[in-house]
Amino acid sequence: MARWGTVCDDEFTDAAARVICTRLGFGNTGKFVWNAFGPGTGPIWLSNVTCNGSEIDIASCGHSPWGVSNNCSHSKDVSISCEYNSLDADHVRLINPSSSRSNQLAGRLEIKYYGIWGTVCDDEFTDAAARVICTRLGFSNTGKFVRNAFGPGSGPIWLSKVTCNGSEPLE
């Protein structure tokens, strides 16, 4: 009889999450989110999982022997997300604190990630990145980076050092 179990987070990375999400049919979108979904139950089947991202399944990755988890408890069970993080209009917005318009043409860039709105750090952000965002929001390809003209945001800073050439595809 098959028995479900968990995976310990020791050495686990986004590369291992991508292997799992690919195997599950979600594509190469995996993200390791520590133990965001809480502890599991049953045996801890794998620990010290090391993947480079090209493996066909998690069993092909390096790991300790099955069922051997020397210093692991269920408080360290792996959680992953296979969510596709497309930057569509439901996940990107421009906030202008001095305007009551719902469809902003200019404002502070905010991104919703895992259901939480946060900001984007302006380190390395350029006009090219602004053009990609404006195009994604349905505006023309004429975006202009205006530093932090709309004041600080609140919540987490989801992205930093965003670099674009301005011609990235709209997935």
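Cys21 counts as buried at 0% relative accessibility, where buried means under 20% relative accessible area, exposed over 50% and partly exposed in between, with a 1.4 Å probe and protein chains only. This is a predicted model, in which local features need pLDDT of at least 70 and side-chain atom pairs count only at pLDDT 80 or more, while totals for chains, interfaces and linings use all residues. Residues are numbered from 1 along each chain as its sequence is written, and side-chain values use heavy atoms, with hydrogens and water left out.

Cys21 forms a disulfide with Cys82, their sulfur atoms 1.9 Å apart; a disulfide is a pair of cysteine sulfur atoms within 2.5 Å. The pair links distant parts of the chain, with Cys21 in helix H1 and Cys82 in the loop between S4 and S5, 61 residues apart. Helices (H or I, at least four residues) and strands (E, at least two) are DSSP runs, numbered from the N terminus.

The structure holds three disulfides, and another of them joins Cys8 to Cys72. Because Cys8 lies in the loop between strand S1 and H1, and Cys72 in the loop between S3 and S4, this pair ties together parts that are 64 residues apart in sequence.

Strand S6, residues 108-113, is mostly covered, as five of its six residues are buried. S6 pairs with S5 in the antiparallel sense over four bridges, and S6 also pairs with S7 in the antiparallel sense over four bridges, where pairing requires that DSSP finds at least two bridges between two strands. S6 and S7 form a hairpin with two residues between them, and Tyr114 in the turn has a positive phi of about 55°.
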